[in-house]
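Colleague: I'd like to learn how to read a model like this one. Could you take me through it?

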Amino acid sequence: MQKRLLGSDYCVLARLGEETVGYGLFALVETRAGRVLYGHGRMVQKGFQGRGIGSEISRLAVRSLFSDYFVTRTQNPVVIISLRNIYPLLGPYLPTNPDHRVVLEDLGRYFGEEEMIDFDRGIFRPKQSKGRIGDYEVRDYDTRVSEIEQILKERRLKRNYGERLYFIADNRLRPDSGW
């Protein structure tokens, strides 16, 4: 957590009274392709999940911090589904898109993680990780989850090794982006 927090420019807290029920960590990074809002991650306490708190955390960061791109990495389809409420065009990293490649290369350099990124598949491989399987609710009744799971399967993502897939949204394509 400490390393992630130190690499983050912004921490958004969700509070209920005096209790912190969730947070999101974000960094703004200048790349050769433009300004990137990088979502390190969000956490919402178990008893408060499913109420839109994580989405609101991201929505607040997006509204407050202008960027050309939004990037995150995950192995959890529910995260992508909630982020698509904000970024309908959020999709997996495309190795054939030169802007995606530049964004990922520059983020890798910025965070000192270039050697952990598989640029052909858009996969982040941590150096030492036993991975996390089943620590989030898989909503297999939701066709949106099936769609994301299919993308993860096509990219041969290895959850048990802690691999995560990069997802990128080009904010310049949003109708409300001001471009």
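**Strands, burial and rings**

Modeller: Let's begin with a strand pair: β7 (residues 123–124) and β8 run antiparallel and are joined by two bridges. Ile 123 has Leu 165 in β8 as its bridge partner. Two strands count as paired if DSSP finds at least two bridges between them. Keep in mind that this is a predicted model, where local features need pLDDT of at least 70, side-chain atom pairs count only at pLDDT 80 or more, and totals for chains, interfaces and linings use all residues. Residues are numbered from 1 along each chain as its sequence is written, and side-chain values use heavy atoms, with hydrogens and water left out.

Colleague: Thanks! How many helices and strands does the protein have?

Modeller: Both kinds of element are DSSP runs numbered from the N terminus (helices are H or I, at least four residues; strands are E, at least two). Here they come to five helices and eight strands. Along the sequence, the pattern reads α-β-β-β-α-β-α-β-α-β-β-α-β.

Colleague: Which other strands join β8, and in what sense?

Modeller: β4 pairs with β8 over six bridges, in the antiparallel sense, and Phe 70 stands opposite Ala 169 there. β5 also runs antiparallel to β8, joined by two bridges; Pro 92 has Phe 167 as its bridge partner.

Colleague: And where does β1 pair?

Modeller: β1 (residues 10–16) is joined by seven bridges to β2 (residues 19–31), and the two run antiparallel. Val 12 faces Gly 24 in β2 across that pair. Their hairpin has two residues between the strands, and Gly 17 takes a positive phi near 65 degrees.

Colleague: Now the rings. How many aromatic pairs does a search of the whole structure find?

Modeller: Rings of Phe, Tyr and Trp (its six-membered ring) pair if their centres lie within 6.5 Å; planes under 30 degrees apart are stacked, over 60 edge-to-face, and the rest tilted. The search finds three pairs. In one of them, Phe 70 and Tyr 87 have ring centres 4.8 Å apart and planes at 20 degrees, so this pair is stacked. The two residues are 17 apart and link distant parts of the chain: Phe 70 is in strand β4 (residues 69–74), and Tyr 87 is in the loop between α3 (77–84) and β5 (91–92). Phe 70 is buried, at 1% relative accessibility, and Tyr 87 is buried at 3%.

Colleague: What is the geometry of Tyr 110 and Phe 111?

Modeller: Their ring centres are 4.9 Å apart with planes at 90 degrees, so they are edge-to-face. Tyr 110 is partly exposed, at 44% relative accessibility, whereas Phe 111 is buried, at 16%. Together with Tyr 38, they form one aromatic cluster.

Colleague: Which ring has Arg 73 over its face?

Modeller: A charge sits over a ring if NZ of Lys or CZ of Arg is within 6 Å of the ring centre and within 35 degrees of the ring normal. Arg 73 lies over the face of Phe 124, 3.6 Å from the ring centre.

Terms used. Buried < 20%, exposed > 50% of the residue type's maximum accessible area, 1.4 Å probe, protein only.
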